[in-house]
Amino acid sequence: MDHVLGLKCTICGAEYAVDEVSYVCPKHGDDGILDVVYDYAAIKARFSPAQLAHTPTDMGIWRYKPLLPVAPDSPVPPLRVGWTPLYAAPRLAELLGLKNVWVKDDGVNPTASFKDRASALAVVKAREAGAQIVTTASTGNAAAALAGLAASVGLQAVIFVPKTAPPAKIAQHLIYGARVLLVDGTYDDAFELTLKVAKEFGWYNRNTAYNPYMSEGKKTAAYEICEQLTVRARHFSFSLSQEYTSGAQSYLGDRDSFGNAPPLQTPDRVFVPVGDGCIIGGIYKGFRDLLALGWIDAMPKIMGIQAAGSSALVDAWERGLQGWEMTPQPADTIADSISAGLPRDRNKALAAVRETGGAYLRVSDQEILDAIPVIARNTGVFSEPAAAAAYAGLVKAVQKGLVDPAERIVVLLTGSGLKDIGSAMKTVTQPPIVAPNLEAVKTVMGV
Ligand SMILES: *Cc1c(COP(=O)(O)O)cnc(C)c1O
Ligand SMILES: [Zn+2]
């Protein structure tokens with residue numbers, strides 16, 4: 001891992017070697033979230049966008065292995081995580097009076113959410129550490145992802161979720177063979193419990209923003225967005241595989257005579273649903289990596305969207321607080337995946353928005369629910385409430401006049417609608433029951 005320089009505390013800036021600490025900054029205890037520091041010169045010397053363009057997309061996130069904190073020869077799980085589709089969404093754009101909107105469908109990951117990107121990393125790191133058992137606290141999706149990825153390599157997972165987690169997610173944990181403990185409390189309670197349990201039993205802990213490697217897995221979505229926008233801009237009429245290989249030449253062909261033009265394109269703004277803040281921190285890290293490598297020339301503005309009933313980061317952003325000044329808030333929203341009273345990755349999450357000139361916005365549960373069928377009917381992507389919140393946030397940003405109509409906008413759809421049918425069904429009416437004959441159909445159809 002000589003491309004990784006170390007781990008830096010997001011509170012005090014102290015740096016540690018990777019084998020010096022396991023999870024957090026010793027000076028700051030469980031709040032001392034660490035950020036992985038890379039040797040960009042070393043990475044640049046052996047990896048390039050042109051090489052990337054020739055790397056098969058069915059490797060998913062492992063196409064970016066030279067940019068990830070894993071040993072080059074570490075075995076990776078067989079499930080295909082990442083390289084999820086980025087769909088142009090012209091009808092959503094038109095609804096909002098915008099020109100360029102894309103949705104990235106992370107619901108097509110193996111366990112149907114964005115969390116697979118992090119859990120894939122967790123499984124590799126657990127095996128590097130020689131662990132037999134991995135554990136996590138979760139609102140549901142992180143645990144489903146860990147259970148699935150662990151099953152793919154024969155590791156045992158132990159899961160702590162609030163007893164109120166949606167049944168589809170608990171079904172995933174159980175079917176993948178994880179040991180499931182339903183915590184009589186909130187996600188925040190489950191998180192604290194897992195810290196104690198993992199220390200007591202010596203299990204490998206995947207907890208978001210306690211384990212510094214989870215945002216590194218999540219950053220791969222930012223890489224994909226830039227690659228996918230680049231390829232699409234140049235070869236939009238080809239099939240994906242054709243456009244992708246021919247993209248390899250154009251990465252180089254587009255450089256000016258000094259070789260200075262950045263090879264990849266960026267969106268102007270990215271909308272991210274935020275609970276703990278690990279996804280948004282990871283997205284920020286991904287773009288920062290590309291900027292440091294000189295592969296892009298500007299940072300997109302990052303927009304953090306929270307449910308009004310769980311909006312500790314919106315408050316902190318509005319009040320100018322630092323992450324370590326935040327205190328636990330009540331968390332109550334239908335969007336269970338973004339329900340977090342004290343967002344665990346708050347330092348990275350605030351930096352993502354502050355350093356890019358983005359904004360934090362709140363959306364109501366009703367706005368979230370309303371967004372589910374709108375996204376589905378205008379793109380064909382069925383989202384769970386947390387994912388739909390990102391689009392509800394775009395609607396809000398347009399209403400507030402924060403978005404220029406010409407901007408290139410990406411909305412991250414982080415999880416499949418099949419995760420939470422109960423919420424989805426609140427947005428539609430029950431279909432009529434019809435007798436199995438033509439007359440009955442005619443009556444129902446009113447013809
Ligand atoms: C976890 C999750 C989020 C929020 O990610 P954080 O890293 O907790 O901010 C958003 N959407 C879905 C579907 C999720 O599972
Ligand atoms: Zn520290």
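This is a predicted model: local features need pLDDT of at least 70, side-chain atom pairs count only at pLDDT 80 or more; totals for chains, interfaces and linings use all residues.
Residues are numbered from 1 along each chain as its sequence is written, chains are lettered from A and ligands numbered from 1 in the order written, and side-chain values use heavy atoms, without hydrogens and water.

**Zinc site**
- Cys9 (SG), Cys12 (SG), Cys25 (SG) and His28 (ND1) coordinate the zinc ion (ligand 2) at 2.1 to 2.4 Å. Donors are N, O and S atoms within 2.8 Å of the metal (3.2 Å for Na, K and Ca).
- The site of the zinc ion (ligand 2) is tetrahedral, with angles of 104 to 115 degrees among its four donor atoms; the cut-off is all angles between 85 and 135 degrees.
- Along the chain, the donor spacing is C-x2-C-x12-C-x2-H.
- Cys12 sits in the loop between strand 1 (4-9) and strand 2 (15-16), and Cys25 in the loop between strand 2 and strand 3 (34-38), so the pair ties together parts 13 residues apart in sequence. Strands are DSSP E runs of at least two residues; helices are H or I runs of at least four.
- Cys12 is partly exposed, at 36% relative accessible area; that class runs between the buried cut-off and exposed, over 50%.

**Helix 14 (residues 365-379)**
- Its buried residues include Ile368, Leu369 and Pro373.

**Helix 17 (residues 438-445)**
- Gly446 follows helix 17, with a positive phi near 70 degrees.

Note on methods: Buried means under 20% relative accessible area, exposed over 50%, partly exposed in between (1.4 Å probe, protein chains only). Four donors count as tetrahedral if all angles lie between 85 and 135 degrees; four count as square planar and six as octahedral if opposite donors are over 155 degrees apart and all others between 65 and 115; anything else is irregular.
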